[in-house]
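Please open the model in a viewer and keep the selection panel at hand.

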Amino acid sequence: MTRSGTNEERIAHITAEAKRKMISRRAVLKGGAGAGAAALVGGHRGFTAASVQAQEKPRFDGVTLKVFAPTGPTISGPIKFHAPQFQQEYGATVETVEVPNADLFTRAQQAAQSGGGDFDILLLANTWMPDFVNLNYAVPLQPFVDRDAENPLLAWDDIPEGIKRKDSWAGQIYTYIIDNDNQTMFYRKDILGDPKYQEAYKTATGKDLPNPPQTLTEFVDVARFFSPNGGGAGWSDQGEGYGFITCVLRGQQSYWYSYPWTAPYSVVPTDKAPAQGIYIFDPDMNPLINTEGYVRGLTEFVDVIKTAMRPGLDADRNAVEYDIIGGLALMSLDWGDTGPLSVSDQSVVKGKLGFSLSPGVTEYFDWQTKTWVTMPEGQIHRTPTHAYNGWSYYITSQAKNPDAAWEWIKWHGSPQISAVDVATPESGYQPWRTSHSTNLQPWLDAGWDENDAKAYIQTILDATNHPNAVIDPRIPGAARYQDTLELYTNRAIAGETTPQEAMDQCVKDFNAITDELGRDKQVKAYRAHLGM
Amino acid sequence: MSGAPALAPAVSSAVPRQHAWADQNAKYVFLLPAVLYLLLLGIFPLIFSVYLVFSSWQSGSGITFVGLDNIRRLMVDVRFQDAVTRTLAYVALTAGLELAIGLLIALALQFATIGKSALRLALALPMLLPPIAISFAWKLLFDYNKGPVNYALDAIGLPRVTWLSGQTSALVSLVVVDIWQWTPFIALATLAALESLPTEIYEAALVDGAGLRAVLRDITLPLLTPYLVAIVLLRAVDAFKVFDTVYVLTGGGPGTATELLSFYAYAAGFRTFNMGFTATVAWATAILMTLVFLLYLRAFRRIEEA
């Protein structure tokens with residue numbers, strides 16, 4: 001296919017081609033894919049290389065696929081690692097064009113707006129989807145998925161509903177997630193389980209030391225107890241240990257680290273709301289970030305940074321991971337990268353880390369009734385947050401050979417190949433297929449203890465499939481809203497303003513952005529994100 | 001063959017005419033690449049950026065004319081006003097301190113009798129290094145928990161400083177890095193100016209019995225001032241546009257404490273693909289710089305006249 005014509009025309013052509021090929025492809029698959037399909041039905045345990053080889057394997061000799069991806073080994077590294085094998089098996093060359101993370105959105109938008117760059121595939125944040133769909137730059141993947149629904153490489157049934165939800169927007173699949181971004185709790189189970197500290201905690205607080213903390217209140221208490229001024233000081237054998245670590249530097253994704261603190265207090269359970277995961281905005285795009293619930297979460301976040309985290313306010317994202325695996329911080333609420341890093345050579349906490357859903361709350365603020373709702377005795381309201389939603393593949397309307405691009409995506413995301421990526425410390429991908437929890441060999445090969453691996457994967461998948469899971473809003477201009485929220489969150493962290501003042505000002509800016517972009521258009525897009 | 005002699009005179013008269021035309025117009029042909037280069041890479045972006053000032057160019061949509069919306073938004077933006085104040089303070093601090101220190105170093109170097117070349121080379125090293133690399137090095141030095149600077153403070157019994165995350169100290173840290181990197185520029189440029197001053201006046205002053213302080217006050221500084229004005233102007237223009245060190249060291253934070261104009265343009269517009277607004281900030285910065293430096297030169301002229 002040539003690149004002449006508008007993006008819209010190119011997308012129509014690609015979609016028609018995918019549908020046309022669907023019939024012939026299915027006919028082949030019915031005969032050839034029996035083994036693979038049978039394996040998938042049985043919980044994917046029987047997935048083997050042989051079943052893949054039984055499939056029709058198209059050749060794309062002479063084709064070069066250009067993948068736009070972030071700089072650095074953790075996200076673009078796996079592409080480079082697998083590209084030679086793909087070339088051997090399918091004939092196509094896969095090249096990465098790397099861009100620094102901070103400029104990723106702008107550079108991708110420039111390519112989308114100008115048609116320059118000639119990228120076939122983008123590896124970008126899932127949250128930016130509408131800004132590429134609206135330019136007709138992101139090709140709908142729905143026809144490809146429909147075409148290959150029974151293909152064991154795609155293994156569509158192996159993909160949890162929570163991931164499919166993130167891949168969809170306005171009822172269509174536009175992206176293909178190869179990394180599951182959600183935030184969970186990492187904690188030192190050896191320290192929290194130590195009778196010496198359990199006794200000290202009981203003496204100091206009159207309560208049992210939770211292992212792990214179940215609510216944010218418990219989390220704060222434990223974090224303070226294990227900081228230099230608390231009764232559990234001196235727990236670290238690596239230096240001065242603190243109870244908590246988070247990212248506070250501006251421009252370093254610091255606002256995302258506030259999600260696990262603000263969401264539980266401000267998100268209404270799905271069965272009591274118009275849709276799942278209504279967060280930051282109500283369905284009419286009225287900001288919810290200055291509600292009592294959100295501000296309470298932010299206030300607790302700011303307080304715990306001051307009282308239970310290493311001083312200096314200079315921790316970036318790397319510091320969060322490396323203070324945990326370096327044995328200097330007891331707990332963090334973070335993306336899953338810390339898991340695989342905990343079995344790397346640099347780690348001093350191998351086998352000592354626990355994995356759990358982020359803490360919940362016993363009362364939340366209902367933005368619909370503007371009242372606080374107390375959970376029934378013994379119940380905890382949890383809202384696992386999916387910040388960034390995950391690194392996702394997009395096929396662009398500039399793709400010279402969309403079939404080859406889809407073949408790469410499908411192959412790279414296949415149960416067998418993706419299992420290696422999610423287990424290794426060298427990659428920044430987190431488990432996102434159900435089979436990642438059953439195919440444990442790559443985890444054992446990467447140095448994991450079997451039970452630790454199971455706990456880690458299950459925690460990530462539980463956060464994915466949780467009924468109150470909160471997906472990062474996918475709306476046009478998402479990057480502008482994100483940047484604004486980061487600015488004001490950071491101002492609150494830095495003590496420039498109170499959390500309430502910061503969020504009040506942020507609401508004004510949010511509304512200005514919404515009005516500038518067109519409120520009706522934004523409401524429609526946001527509802528498409530919510531599936532309303 | 002028979003037609004050849006008849007054609008000969010016509011050919012011979014056409015050739016000089018062609019030569020004359022070629023001689024006349026060749027310069028345009030030779031100029032064309034440079035003009036095209038200038039139009040494509042210089043003039044067009046300039047005109048396009050002016051067009052963007054009056055347009056909205058957002059992510060996910062094309063360019064639409066919005067009149068003065070971007071300018072209105074900029075005028076009421078407190079963040080922009082704060083960034084202007086902060087940038088002026090930063091420029092005044094860096095240029096002022098670098099001038100003072102640079103001048104002292106230049107005067108000291110002027111009297112150096114041995115190793116002058118080696119000293120010049122050593123002095124030039126910081127400004128030869130890429131700012132991004134320097135920024136990362138200073139980031140490590142300023143690290144609150146593991147940085148050598150705080151380690152040294154610990155060693156002499158002084159309290160640690162939140163170099164990169166304090167409301168005031170973060171800006172001070174940026175100033176320190178700038179001074180470290182660019183004072184050599186002022187020192188070397190001033191030294192070159194000192195060495196170009198006429199020696200006769202100094203000889204006359206010595207004969208008249210003028211002391212070192214009098215020579216400095218009444219001869220060196222007055223003669224040096226025009227050079228210093230130009231040197232400081234160059235430095236200030238550069239300091240006005242500082243970006244790399246802010247980007248690496250503080251990211252504009254904590255909060256907005258180190259959000260200088262260039263970084264503000266990047267954070268408020270470029271990073272989120274709000275190109276119309278970014279162009280507006282860029283033009284506002286250019287106009288502001290021009291105004292400030294016109295005032296600076298005017299003030300200098302008045303002093304000179306006085």
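Two strands are taken to pair if DSSP finds at least two bridges between them. Helices (H or I, at least four residues) and strands (E, at least two) are DSSP runs, numbered from the N terminus. The model is predicted: local features need pLDDT of at least 70 and side-chain atom pairs count only at pLDDT 80 or more, whereas totals for chains, interfaces and linings use all residues. Residues are numbered from 1 along each chain as its sequence is written, and chains are lettered from A and ligands numbered from 1 in the order in which they are written.

**Stop 1**

Select β1 (64-70) of chain A and β2 (93-99) of chain A. These two strands run parallel and are joined by 7 bridges; A:Pro70 stands opposite A:Val99 in β2(A). Of the 7 residues of β1(A), 6 are buried, a residue being buried if 20 or more other C-beta atoms lie within 10 Å of its own, exposed if 12 or fewer, and partly exposed in between, with C-beta atoms placed from the backbone.

Now extend the selection to the whole sheet. It is open, has 5 strands in the order β2-β1-β3-β14-β6 (chain A), and its pairing is mixed. Because β2 (93-99) and β6 (176-177) of chain A are at the edges with a single partner strand each, one side of each has no neighbour in the sheet. Strand β3 (residues 121-125) of chain A and strand β14 (residues 391-395) of chain A run antiparallel, with 5 bridges between them. In this pair, A:Leu122 stands opposite A:Tyr394.

Which helix lies across β1, β2, β3, β6 and β14 of chain A? It is α16 (residues 402-412) of chain A, running at about 160° to β14(A). Such angles run from 0 to 180 degrees between N-to-C directions, and the axes are lines fitted to C-alpha atoms, for helices over the stretch in contact.

**Stop 1: the four-stranded sheet of chain A**

Next, select the open sheet of 4 strands with the order β8-β9-β7-β10 (chain A), which also shows mixed pairing. Its edge strands, β8 (242-244) and β10 (353-357) of chain A, each pair on one side only. From one strand to the next, the twist averages 20°. Strand β7 (residues 184-188) of chain A runs antiparallel to β10(A), to which 5 bridges join it; A:Arg188 stands opposite A:Leu353 in β10(A). Helix α14 (residues 317-325) of chain A packs on this sheet, where it touches β7 and β9 (329-334) of chain A, and its direction makes about 140° with that of β9(A).

**Stop 2: the domains of chain A**

Colour chain A by domain: domain 1 (7-181 + 390-451), domain 2 (184-386) and domain 3 (474-530). These bounds come from an automatic or database domain assignment. The C-alpha centres of domains 2 and 3 of chain A lie 23 Å apart. Contact between the two involves 21 residues of domain 2 of chain A and 23 residues of domain 3 of chain A, where contact means that C-beta atoms, placed from the backbone, lie within 7 Å. The domain 2 side comprises 15 nonpolar, 4 polar and 2 charged residues. In this classification Ala, Val, Leu, Ile, Met, Phe, Trp, Tyr, Cys and Pro count as nonpolar, Asp, Glu, Lys and Arg as charged, and the others, Gly among them, as polar.

**Stop 3**

**Stop 4: chain B**

Select helix α11 (residues 261-270) of chain B. Here 9 of the 10 residues are buried, so α11(B) is largely enclosed by the rest of the structure. Among the buried residues are B:Phe263, B:Tyr264 and B:Tyr266. The buried residues of α11(B) pack against α20 of chain A and against α3 (78-110), α10 (244-249) and α12 (275-305) of chain B.

Finally, colour chain B by its domain assignment, domain 1 (4-53) and domain 2 (77-305). The C-alpha centres of these two domains of chain B lie 46 Å apart.
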